[in-house]
Amino acid sequence: MLTGEIRSQIDSIWSDFWAGGVANPLSVIEQMTYLLFIKRLDDLHTLEERKSQTLKIPMERRIFPEARDDKGRPYEDLRWSRFKNFESREMMEVVDEHVFPFLRALNGSQSSYGKLMRDARLGFSNPALLAKVVEKLDRIPMEDRDTKGDVYEYMLAKIASAGQNGQFRTPRHIIRLMVEMTAPKPTDVICDPAAGTCGFLVAAGEYLREKHPELMRDPALRKHFHEGLFHGFDFDTTMLRIGAMNMTLHGVENPNVTYRDSLAEDHAEDAGAYSLVLANPPFAGSLDYEATAKDLQKIVKTRKTELLFIALFLRLLKTGGRAAVIVPDGVLFGSSGAHKDIRRMLVEDHKLDAVIKLPSGVFRPYAGVSTAIILFTKTGVGGTENVWFYDVAADGLSLDDKRAELLPPEKQGPTPAQPLSEAEHDKNNLPDILARWQNLAAEAERPHTAQSFTVPVEDIRATGSWDLSLNRYKEVQHEEVIHQSPKEIIAELRAIEAEIAEGLDRLEGMLA
């Protein structure tokens, strides 16, 4: 839990960067990510030293060698605990000319994050700024995993609030809803092929720690959690670094967060490798056929990125694997051959479980596009019987550009700390979505005029285009309104006119 004091410290560091000439929010968090990684290396080295001294054994993992670098500087000086006490100009020299070359030379020897440090550079040349930031970061208490994770999440939120790069940030309460609905298991292998800041993977990790605490006591499950459970791909190395650090600070030691252009590269290596896909891929774009992976074109012939990503999810999932992904509304009712083909595949070849229509303001202020969450299971042999639809009207925040909270924090999200009243449900539908999803048998009896209902696969088939738009199946109940006949309205108007005329006659008589 972040205290007001910690928030103030982070805000102060952010202001220092701006005052020091680092104005791009993404650049700020990238530089803070580098510094946090440098601090973490020192923390890991210190932990190994203490273990060695306590057990009277040699160090198993020495990050900083007992030697000098190629410029003659002792590696010991490259540790955070040493250079934080240096004078600002010497600190700048050590960090810029020694620490960063050392990071680039790690080349993945310490973690998957190390692989992303090959082109790391200190993005400013102001010694006073570096000294200030190091001092303030050092004062933030980040001993426990929860605080480290919360601190980084708060930094990521500042990217979005700064009004730039918001496309990288799916609202956290929507992510939590999708994770709760898919209920990850300790043996799952989870993938997000458009990982960004790794929000889905982080939320899945937090869910597993909360719901399956026993996994940390089982050596095999613990190893799987740290090294084999989480896989994230992106083609933006800056976002990969930020995402990898997000995972690290949330207690996942070595996630597989790697560079990959998911729509352009062939997927023979990991086709059918994952049991769960969670994603909010970029959409509203088109690619050249030549630039698109051939194995995806075999599934669906299209240049539309939103359709190619669904083909990708089907390619990556193993049989029995499940997915919860965000798609633009056009996927649900688009009239092109590719749109119909992808819907037909989901309904006829696999098992489409649910379509949850989100309100158009969910991604404001960055985009007002209408979207939906679709949940499906890869079977290869069909299995769709009934598809559950839910029309989300409110997610706990206002749907304008301000996205202000409509309820207190303890009543936000899909699993609020306190139960919601009926009036509060009208402001936050997420707990109701989760409750109804966990009891789908009762949904079959609900009328199509309700907020949620099920649609038999025969009805979807009967559309001829496998239409999945909620409005196609939702029935609107119109109340009968009885209007007066024109004769009655005219009679009333004449009576009113007569009263007015009579009043005017009396007034003239009084004035005469």
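What share of the 512 residues in the protein chain is buried? Buried residues make up 51% of the chain. The model shown in these figures is predicted.

**Figure 1. Overview of the protein chain in the predicted model.** The secondary structure consists of 20 helices and nine strands. Computed along the principal axes of the C-alpha trace, the chain spans about 110 × 75 × 45 Å. Of the contacts between residues at least 6 apart in sequence, 71% join residues at least 24 apart. The chain exposes about 24,200 Å², of which carbon and sulfur atoms supply 50%. Its side chains include 63 positive and 78 negative ones, and the centres of these two sets lie 6 Å apart.

**Figure 2. Helix H15 and the elements around its buried residues.** Helix H15 comprises 13 residues, 337–349. From its first C-alpha to its last it reaches 17 Å, close to the 18 Å expected at 1.5 Å a residue. The buried residues of H15 are Ala 338, His 339, Ile 342, Arg 343, Met 345, Leu 346 and Val 347.

**Figure 3. The aromatic pair Phe 64 and Phe 102.** The structure holds 11 aromatic pairs. In the pair formed by Phe 64 and Phe 102, the ring centres are 5.3 Å apart and the planes lie at 20°; the pair is therefore stacked, as planes under 30 degrees apart count as stacked. This pair links distant parts of the chain, 38 residues apart. Phe 64 belongs to the loop between helix H2 (25–55) and helix H3 (80–83), whereas Phe 102 lies in helix H4 (residues 88–106). Phe 64 has 2% relative accessibility and so counts as buried. Phe 102, at 11% relative accessibility, also counts as buried. Together with Tyr 75, Phe 64 and Phe 102 form one aromatic cluster.

Figure 4. An α-helix has 3.6 residues a turn, so residues three or four places apart point the same way. Phe 309 and Phe 313 are both buried.

Terms used
Residues are numbered from 1 along each chain as its sequence is written. This is a predicted model: local features need pLDDT of at least 70, side-chain atom pairs count only at pLDDT 80 or more; totals for chains, interfaces and linings use all residues. Side-chain values use heavy atoms; hydrogens and water are left out. Helices (H or I, at least four residues) and strands (E, at least two) are DSSP runs, numbered from the N terminus. Buried means under 20% relative accessible area, exposed over 50%, partly exposed in between (1.4 Å probe, protein chains only). Contact means heavy atoms within 4.5 Å. Accessible areas come from the Shrake-Rupley method with a 1.4 Å probe; for residues, only the protein chains shown count as cover. Lys and Arg count as positive and Asp and Glu as negative; His and the chain ends are not counted. The place of a charge is taken as NZ of Lys, CZ of Arg, CG of Asp or CD of Glu. The expected span of a helix is 1.5 Å times one less than its number of residues. Rings of Phe, Tyr and Trp (its six-membered ring) pair if their centres lie within 6.5 Å; planes under 30 degrees apart count as stacked, over 60 as edge-to-face and the rest as tilted.
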